[in-house]
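Here is a short note to read beside the structure. Take the points in order, and keep the view open as you go.

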Amino acid sequence: MPYDPDNVFAKILRDEIPSTRVYEDDEFIAFRDVAPSAPTHILVVPRLVEGVAPASPAALTEADAAMVGRLVLTATRIASEQGLAEGGYRLVFNSGEDAGQTVHHLHLHILGGKALGPVA
Ligand code: AMP
């Protein structure tokens, strides 16, 4: 699926719609999920580069490897800052229809704050 620059996360990145940001740097922003699935549910999202971002994990290429590594490390840092390191947390990428991906801009879910149970 080609990247749609009008997806909801692109609008959040351009400050066209509000979000509860918990972190930002030159490469990523993180904000609270509007429909949380756990007491702490944060989305970490790469910023647009020349107006685009990978639409999903399936759209990633070798050229994205370092960015994805930094995305995961950024998520683990945010999880620690949010007090999740001791109890543990889950990081989730959804890719495509069967995974239930609804926003087609790469994002990493941080879920924690309770025992999360089995993955599926
Ligand atoms: P996914 O199912 O992996 O595509 O996850 C998309 C996530 O984005 C869902 O958990 C939604 O609840 C969340 N979401 C959708 N719109 C917003 C929004 N405006 N602000 C924060 N989270 C959102």
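1. **Terms and ground rules.** The expected span of a helix is 1.5 Å times one less than its number of residues. Helices (H or I, at least four residues) and strands (E, at least two) are DSSP runs, numbered from the N terminus. This is a predicted model: local features need pLDDT of at least 70, side-chain atom pairs count only at pLDDT 80 or more, and totals for chains, interfaces and linings use all residues. Residues are numbered from 1 along each chain as its sequence is written, and side-chain values use heavy atoms, with hydrogens and water left out.

2. **Length of helix 2.** Helix 2 covers residues 65-81. At 1.5 Å a residue, its 17 residues should span 24 Å. The C-alpha atoms at its ends are 25 Å apart, which agrees. Just after helix 2, G83 takes a positive phi of about 80 degrees.

3. **The buried face of helix 2.** Which residues of helix 2 are buried? They are M67, V68, L71, T74, A75, I78 and A79. Buried means under 20% relative accessible area, exposed over 50%, and partly exposed in between (1.4 Å probe, protein chains only). Seen down the axis of helix 2, the buried residues fall within an arc of 140 degrees, so they line one face of the helix. That arc is taken from the directions from the helix axis to the C-beta atoms. What covers these residues includes strand 1, strand 2, strand 3, strand 4 and strand 5.

4. **The sheet.** Strands of a sheet pair through backbone hydrogen bonds, either parallel or antiparallel. Here, an open sheet of 5 strands has the order 1-2-3-5-4, with antiparallel pairing. Two strands pair if DSSP finds at least two bridges between them. Strand 1 (21-24) and strand 4 (89-92) stand at the edges. Each has a single partner strand, so one side of each is left without a neighbour in the sheet. On average, neighbouring strands are turned by 20 degrees against each other, direction ignored. Such angles use axes fitted as lines to C-alpha atoms (for helices, over the stretch in contact) and run from 0 to 180 degrees between N-to-C directions.

5. **Strand by strand.** Strand 1 and strand 2 form a hairpin with 3 residues between them. They run antiparallel and are joined by 3 bridges. In this pair, Y23 stands opposite A30 in strand 2. Strand 2 and strand 3 pair in the antiparallel sense over 5 bridges. There, R32 has I42 in strand 3 as its bridge partner. Strand 3 (residues 40-46) and strand 5 (residues 108-112) are also antiparallel, with 5 bridges. H41 stands opposite L111 in strand 5.

6. **The cores.** A nonpolar core is a set of buried Ala, Val, Leu, Ile, Met, Phe, Trp, Tyr and Cys residues joined through side-chain atoms within 4.5 Å. The largest one has 15 residues. Those with the most contacts inside it are A30, V44, L71, I78 and I110. Strand 2 (28-32), strand 3, helix 2 and strand 5 each give two or more residues. Helix 2 gives the most, with 6 residues. A second, separate core of 8 residues includes F9, I12, I29 and V103.

7. **Around strand 2.** Why is strand 2 largely enclosed by the rest of the structure? 4 of its 5 residues are buried, so the rest of the structure largely encloses it. Look at A30. Leaving aside its neighbours within four places in sequence, A30 is in contact (heavy atoms within 4.5 Å) with T20, R21, V22, Y23, I42, L43, V44 and I78.

8. **Two residues to check.** Most residues other than glycine have a negative phi, and most peptide bonds are trans. D15 has a positive phi, near 60 degrees. D15 lies in the loop between helix 1 (8-13) and strand 1. D15 counts as exposed, at 59% relative accessibility. E50 also has a positive phi, near 50 degrees. E50 sits in the loop between strand 3 and helix 2. E50 is exposed, with a relative accessible area of 80%.
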